[in-house]
Amino acid sequence: MLLNRRRFLWTGACASLGVGRSQAATLQQVRLSVTTDEIDEDVATAAQFLRGFGVGWAEVRSVWGHYDTDQPLEKIREARAILDSNQVRTSVVDTAFFRGTLPPETPSGQAALDKEWRLLDDAIERARVLGTDCLRTFAFTRSEGQPPDAAALSRIHERIYELLREAARRARKNDVRLAVENLEGSYVATGAEAGQLLKNVRAEALGLTWDPNNAAGEGEHAYPDGYSQLDPARIFNVHLRDFRHTSAGKFEWCAVGDGEFDNLGQIRALLKSGYNGRFNLETHYRHPDGKAAATRTSLTALLKVIERV
């Protein structure tokens, strides 16, 4: 039986949603999603996997071996048809928009920015085809070498905020939303940095892809500390997985439930805040039997977490 027929008994978070303790909720109400290429690059294989679990949402990043924005529109239309035939809807279109280093304020830097604006246009086209209004984006990667002093870092942040305001303006004009992901090595890597971004860029079309495990990778206690720095109303998308530290202290990804992250607490807190976006499993960890096995393991464990919500 498909898991979308399963009934999950809700506890504390349900009361905040107006659902009584004795009333059951469906998987659709939890709005679980999975990044397709964390299952397989082949869209049909990924879609059938999701359908088998009763998961009705997918985050689309790489399809048939190429980033979605590198695929021609006819391939994106083919992907949409496959997802539709498996009753899977696209939650978010992933892009590499603003993932690179901050371009310098030079002619070559302007050329690099022009390329970024074209990438945003391409992503918007693909979002329309796939039937979503949400794009996962970034806030530039820190350059290697000597970190900038406080004054220089302040100038860098203000330029990033200015560029994100312009990106949000373009997004709003095209009826899409930008969900900036906090990413290790980015100028917005933690909950604290994401909170500052939201305070400085107040555009309605710009919010977050909150990835608490990425924040943990930067050394932040992502939940509850990092999360407490955020405006939940500005969270458009959430990435879930798990991590742990080895005996040598090395940070590594692992299957959900085998690590240190409090997925249950984070999900409950988001639901209590009124969050109604998707909880997307972005597996990341390596399994000896491959990506699909890794995602199957983590998804099975995440469903058990949801049962306790």
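Residues are numbered from 1 along each chain as its sequence is written, and side-chain values use heavy atoms, with hydrogens and water left out. Because the model is predicted, local features need pLDDT of at least 70 and side-chain atom pairs count only at pLDDT 80 or more, while totals for chains, interfaces and linings use all residues.

**Helix α4**

Helices (H or I, at least four residues) and strands (E, at least two) are DSSP runs, numbered from the N terminus. Helix α4 takes in residues 73-85, which is 13 residues. The expected span of a helix is 1.5 Å times one less than its number of residues. For α4 this gives 18 Å, and the end C-alpha atoms are 18 Å apart, in agreement.

Which residues of α4 are buried? They are Ile76, Ala79, Ile82 and Leu83, where buried means under 20% relative accessible area, exposed over 50% and partly exposed in between (1.4 Å probe, protein chains only). Seen down the axis of α4, these buried residues fall within an arc of 120°, so they line one face of the helix; the arc is that of the directions from the helix axis to the C-beta atoms. An α-helix has 3.6 residues a turn, so residues three or four places apart point the same way. The cover over the buried residues of α4 includes α3 (43-53), β4 (57-60), β5 (62-63), β7 (89-94) and α5 (107-130), with contact meaning heavy atoms within 4.5 Å.

**Salt bridges**

A salt bridge is a side-chain nitrogen of Lys or Arg within 4 Å of a carboxyl oxygen of Asp or Glu. The count by this rule is 17.

| Pair | N to O distance |
|---|---|
| Glu38 and Arg61 | 3.2 Å |
| Arg165 and Glu158 | 3.2 Å |
| Arg244 and Glu252 | 2.7 Å |

Glu38 and Arg61 form a salt bridge that links distant parts of the chain, 23 residues apart: Glu38 is in the loop between β3 (32-35) and α3, and Arg61 is in the loop between β4 and β5. Glu38 is buried at 8% relative accessible area, and Arg61 is buried at 14%. In the second pair, Arg165 is partly exposed at 33% and Glu158 is partly exposed at 37%. In the third, Arg244 is partly exposed at 33% and Glu252 is partly exposed at 26%. Through shared partners, salt bridges also join Asp37, Glu38, Arg61, Asp211, Arg241 and Glu282 into one network.

**Backbone angles**

Most residues other than glycine have a negative phi, and most peptide bonds are trans. Trp64, in the loop between β5 and β6 (66-67), has a positive phi near 50° and is partly exposed at 23% relative accessibility. Gln87 also has a positive phi, about 55°; Gln87 lies in the loop between α4 and β7 and is exposed, at 52%. The peptide bond joining Tyr223 and Pro224 is cis, with omega about 10°, and Pro224 lies in helix α9 (residues 222-226).

**Largest pocket**

Residues that line the largest pocket include Arg142, Ser143, Pro147, His157, Tyr187 and Glu193. Helix α6 (residues 150-173) gives the most to this lining, with three residues. On a 1 Å grid over the protein atoms alone, a pocket is an open set of points where a 1.4 Å probe fits, with protein on both sides within 12 Å along at least five of seven lines, and lining residues have an atom within 4 Å of a point.
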